[in-house]
Amino acid sequence: LHLAVVLLCATAGLFAIAGAEDPYRFFDWNVTFGDIYPLGVRQTGILINGQFPGPDIHSVTNDNLIINVHNSLNEPFLISWSGIQQRRNSYEDGVYGTTCPIPPGKNFTYILQVKDQIGSFFYFPSLAFHKAAGGFGGIRILSRPRIPVPFPDPAGDYTVLIGDWYKSNHTNLKARLDRGKKLPFPDGILINGRGPGGASFNVEQGKTYRLRISNVGLQNSLNFRIQNHRLTLVEVEGTHTLQTTYSSIDLHLGQSCSVLFKADQPAKDYYIAVSTRFTSRVLTSTAILRYSNSASPVSGPPPGGPTIQIDWSLNQARSIRTNLTASGPRPNPQGSYHYGLINTTRTIRLANSAGQVNGKQRYAVNSVSFVPADTPLKLADYFKIGGVFRVGSISDNPYGGKIYLDTSVMQADYRAFIEIVFQNNENIVQSWHLDGYSFFVVGMDGGQWTTASRREYNLRDAVSRCTTQVYPKSWTAIYVALDNVGMWNLRSEFWARQYLGQQFYLRVYTTSTSLRDEYPIPKNALLCGRASGRHTRPL
C-alpha cells in the first residue's frame with residue numbers, strides 16, 4: 001500500500017502537482033466509530049486512528065501532504081480541509097460538490113499541497129452531520145526556515161479546538177434536521193474533545209507560548225480567555241496580524257487564530273474559560289493552565305467574559321488588521337499587495353434567510369436553498385454531464401422572494417477582482433466561509449449596506465482570512481481576487497443552516513486548459529453518480 005502511494009506521488013509529480021524540491025509528508029488514517037464520553041454520557045464519536053479529536057497535521061509552506069483515508073464507517077465519508085486553498089485543484093477539496101464520498105470499507109488518498117500558505121487551520125468531516133460526532137483536528141503550516149516570522153519562537157505551540165456540543169448522537173441530530181425541525185440549544189462546550197476541567201496545558205514560568213485556537217463547533221460564537229493572562233493576537237487564518245493584546249478573544253464559527261501569552265503569573269493553576277456569545281443562556285467550559293512548579297489548584301469561579309455585547313465584538317473585529325511589514329509565506333512583506341488600489345469589476349450581494357419549504361425548515365442565500373445533486377458538481381463540469389447543475393441558478397443580488405430549492409451555482413471569471421457583501425437581516429450572528437481563497441475583510445457595520453458604505457472601508461491593512469462573521473441586522477464586505485480556478489463552496493458555518501441549504505458553489509471559470517491555470521482531474525479520483533464508469537485520465 002505504501003509503495004502504491006509512493007508511486008502515485010511520483011506520477012503526480014510528473015503532472016506538475018508539486019515541484020520536486022517540495023517535501024512530502026505521509027499520513028495513514030483509519031476512520032472508525034467509537035464510544036466517547038466528552039460530557040459524561042456515552043455517545044458515538046468519529047475517531048481517526050483511535051483519537052478524538054483527530055491527530056494534528058504539522059507541515060511547512062509548500063509541503064505535499066499525502067493523506068490515505070480508510071473509511072471503516074458503515075456510511076460514506078469525506079474530509080474537508082478548512083482554509084487549505086487547494087491551488088488549481090478543487091477536486092481535492094473534500095466537499096460533496098467537488099469530491100465523491102469514500103464508500104464504506106474503501107480508502108481514498110488525498111494529494112494536497114499547502115502552496116504559499118502559513119498559519120492555523122483545521123480539517124473536519126463534511127458529509128451528513130458527521131461534524132457533530134468528531135473527525136476534526138488541527139492543521140498548522142509553519143514558515144520555511146529562511147522566512148522571517150514576526151515574533152520569537154515560542155516555548156510551546158498548542159492546538160486548541162473549541163466548539164459547542166450535543167449529547168445526542170449525530171444520527172439523531174441529522175434525523176431531526178431531515179424531518180424539517182430545528183436543533184435545540186447545545187448541551188455544552190468541548191475543549192480539545194473534553195468537557196469542563198478535562199483538558200490541561202503545561203507551561204513553565206517566564207516562558208511564552210502559542211495557542212492555535214479554532215472554533216470547530218456547530219452553532220455558537222465563542223469567547224476564549226485565560227485567567228489573569230493577556231492574549232496577544234499574532235495570526236489569523238494564514239495572515240500575520242498587528243500584535244494587539246486582548247483580555248479575551250471572540251472566535252466565530254469556523255474561525256481560527258493564533259495568540260501568544262506569557263506565563264508571567266505566580267506559579268499555580270489557572271482557568272482557561274470558553275463561553276458562548278450572543279445567547280440568552282450562556283454555556284461555559286474550562287480547561288486548566290498548569291505551571292510546572294504549581295503550588296495550588298484552580299480556585300473560585302472561572303473568569304467572566306463578554307456575553308451578549310455586540311459592540312465589544314465588532315470593535316475587536318475591526319482592530320484585527322494585517323501586519324504590513326511582516327513576511328507571509330514568502331519573504332516579501334504582506335503589505336506589498338495593495339488590494340485597496342485595485343478596481344473591483346463586480347459586486348455580489350448575498351442575503352441569508354430562514355423559512356419553510358413544503359412544511360420543513362430550510363435556509364437560503366438570495367432565496368435559493370441549496371440541494372445537493374446526484375453527482376459532484378466539479379465532476380459534472382469536467383465530464384460535461386448536462387442536467388446536474390445550471391450556471392446562474394443563484395442571482396448576484398437578493399430579491400426578497402420566497403425560498404425555493406435548487407442546486408445553486410454562481411459563475412465568476414478567473415482573475416476578476418470582486419466585492420462580496422454579506423447582508424444579514426436576521427437577529428443572530430452569521431459566519432461565512434469560502435473554500436479555495438483568502439479574502440480581505442474591508443468593512444462591517446450595522447444596518448443595510450449601500451454604496452455609501454464603501455466610504456468606511458479599510459483599503460490599507462484589512463485582515464486577509466477565509467471565514468468572516470456578520471453581526472445581527474448588519475453587513476460585512478470582502479474583496480476577493482479570483483486567482484484560483486475551480487468549483488468552490490461558499491457556506492454558512494452554522495452547521496444546521498449549511499446542511500439545510502445556506503450554501504452555494506462559486507464556479508471560477510476560464511476557457512484555458514493550461515496546467516498553469518488548473519490541474520487535471522486526479523488519476524485516483526473516485527467517480528460516482530452520473531460520472532460512474534467514466535475514466536479520469538490514463539496512467
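C257 counts as buried, at 3% relative accessibility; buried means under 20% relative accessible area, exposed over 50%, and partly exposed in between, with a 1.4 Å probe and protein chains only. The closest cysteine sulfur to that of C257 belongs to C466, 12 Å away, too far for a bond. C466 is in no disulfide. C466 is also buried, with a relative accessible area of 2%.

This is a predicted model: local features need pLDDT of at least 70, side-chain atom pairs count only at pLDDT 80 or more, and totals for chains, interfaces and linings use all residues. Residues are numbered from 1 along each chain as its sequence is written, and side-chain values use heavy atoms, leaving out hydrogens and water.

The structure holds 1 disulfide, defined as a pair of cysteine sulfur atoms within 2.5 Å. C100 and C528 form it, with sulfur atoms 2.1 Å apart. C100 sits in the loop between β5 and β6 (107-113) and C528 in the segment after β34, so the pair ties together parts 428 residues apart in sequence. The S-S torsion is about -90°, so the disulfide is left-handed. Both C100 and C528 are buried.

Now the strands. Helices (H or I, at least four residues) and strands (E, at least two) are DSSP runs, numbered from the N terminus. Two strands pair if DSSP finds at least two bridges between them. An open sheet of 4 strands has the order β3-β8-β7-β5, with mixed pairing. β3 (57-60) and β5 (79-82) stand at the edges, each with a single partner strand, so one side of each lacks a neighbour in the sheet. The twist averages 25° from one strand to the next; axes are lines fitted to C-alpha atoms, for helices over the stretch in contact, and angles run from 0 to 180 degrees between N-to-C directions.

| Strands | Bridges | Facing residues |
|---|---|---|
| β3 and β8 (residues 137-142) | 4 bridges | I57 and I139 |
| β24 (residues 390-391) and β26 (residues 408-413) | 2 bridges | V391 and V409 |
| β26 and β34 (residues 503-509) | 5 bridges | A412 and V508 |

N192 is found in the loop between β10 (188-191) and β11 (200-203). Not counting residues up to four places away in sequence, N192 touches P53, T159, V160, L161 and F201; contact means heavy atoms within 4.5 Å. The N192 side chain reaches the backbone nitrogen of L161 at 2.7 Å.

Key: A polar contact is a pair of N or O atoms within 3.5 Å; within protein, one must be able to donate a hydrogen and the other to accept it, and residues adjacent in sequence count only if both atoms are side-chain atoms.
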